[in-house]
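This note sets out some points to check against the structure. Please keep the sequence and the model open while reading.

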Amino acid sequence: MKLGFFKRLIVPGLIFQSTMIGGGYATGRELVEFFLTLGPRSGLLAMLIATLIISLVCSLAFELARRYSLYDYRTFFKKLLGSAWIIFELAFLSLVLLILSVLGAASNEMISAQFELPAMTGSILLMSTIAVLVFWGSNAIMNFLSAWSVLLYVTYGALIIWSALVFGGEIQQNFLTTEQPRVGLSAVQGGIVYAGYNVVTFTSVLFIVRQFSSRSDALWAGALCGPLGMIPGLLLLLAMSAHYPQVNDEALPINFLLGQLQAPSLLIFFQLVIFGTFIETGTAFLHSVNERVSHVFLEHSRKMPRLLRPAISIGFMVVAIFLADAVGIVNLIGQGYTYATYLFLAIVVAPLLTRGVLLLWRNSEPLDG
């Protein structure tokens, strides 16, 4: 039975956004690092460029996965990179650890600061919730990610409206008259760099490609990943621009932004929603790792033990927490993400735009296929 429009075309983008947001912009530090340091105007242009790149890459990746039945990242990159697929796996697992480290550090800072709890409380809560979700598998994860994404859109929409009411004059001034770097090639570079490490997020959505019945489904679902993934980030960027340039020096700009709005009860609600985005991202990435392991079991005509899923997830989280404690969130985002960007541009984006297109052309379908 063919699924409805929402599940076929919108849900993949919501899952993509759920995976992207925690490592991409939930703390606000990532938006500062890649966009707001360029100035509000250049940052806005860079975000548009990143959105277009993400849409293009996701469309190609989803159609390639549908055409060749590639539903986990291991089989996908074996097809795309051949024997060099192991390079992607090493890079991807390193990125998962990097993102989990950022989530762990941000969780600890957010929970301990707001509720005056021990420093590791945030990481322990994050780890426990992710373990429960990955134990229950794909359907539970898909339902949670989709539902929380809707809540996230409402929350971020309220945040920009609230910020506009309180700081509307400052937002307008910082976009129109405040002295800032001129719009130029730095905006193009910023968009490419930001998209470079975020496009790999499509690997967490490959399990849902099974529900695509046509080329149109894959291409439209992929194209929508860009705007669906970036709209909450755009709203957050607009809200943070009210406090440019001082917000650029904050380790957790989202906490600074909410503090400026001076509404303690709503601050707690917003932080709980943002903490949920950390759970979304960690769950989605670790589920993609589990799906890769599960496929190996299937190749040997065996079923992956259910308890192995949370065990793998907890193992990754423990290592990531120690990494976060040793390096710090600002260095993790500023240096780790930048290095990851250029690596994934080389081993994901470039191969998809070349060999990926060639594979699709060789195995072409009728236009209505």
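1. The count comes to 15 aromatic pairs, where rings of Phe, Tyr and Trp (its six-membered ring) pair if their centres lie within 6.5 Å. Planes under 30 degrees apart count as stacked, over 60 as edge-to-face and the rest as tilted. The pair F92 and F285 is tilted, because the ring centres are 6.0 Å apart and the planes stand at 45 degrees. F92 belongs to helix α5 (residues 85-115) and F285 to helix α11 (residues 264-299), so this pair ties together parts that are 193 residues apart in sequence. Helices here are DSSP runs (H or I, at least four residues), numbered from the N terminus. Both F92 and F285 are buried; buried means under 20% relative accessible area, exposed over 50%, and partly exposed in between (1.4 Å probe, protein chains only).

2. The model is predicted: local features need pLDDT of at least 70, side-chain atom pairs count only at pLDDT 80 or more, and totals for chains, interfaces and linings use all residues. Residues are numbered from 1 along each chain as its sequence is written, and side-chain values use heavy atoms, with hydrogens and water left out.

3. Ring pairs also link a cluster made of Y73, F76, F77, F88, F92, F202, F285 and F344.

4. How are the rings of F135 and W136 placed? They form an edge-to-face pair, 5.3 Å centre to centre with 80 degrees between the planes. F135 is partly exposed because its relative accessibility is 23%, whereas W136, at 54%, counts as exposed.

5. Helix α8 (residues 185-198) has 14 residues, which at 1.5 Å a residue should span 20 Å, and its end C-alpha atoms are 20 Å apart, so the two values agree. The expected span is 1.5 Å times one less than the number of residues. Among the buried residues of α8 are A187, G190, G191 and V193.

6. Q17 lies in helix α1 (residues 5-24). Is Q17 buried or exposed? Its relative accessibility is 0%, so Q17 counts as buried. The C-alpha atoms of Q17 and I231 are separated by 9.2 Å, although these residues are 214 residues apart along the chain.

Key:
Helix = DSSP H or I, 4+ residues; strand = E, 2+ residues; numbered from the N terminus.
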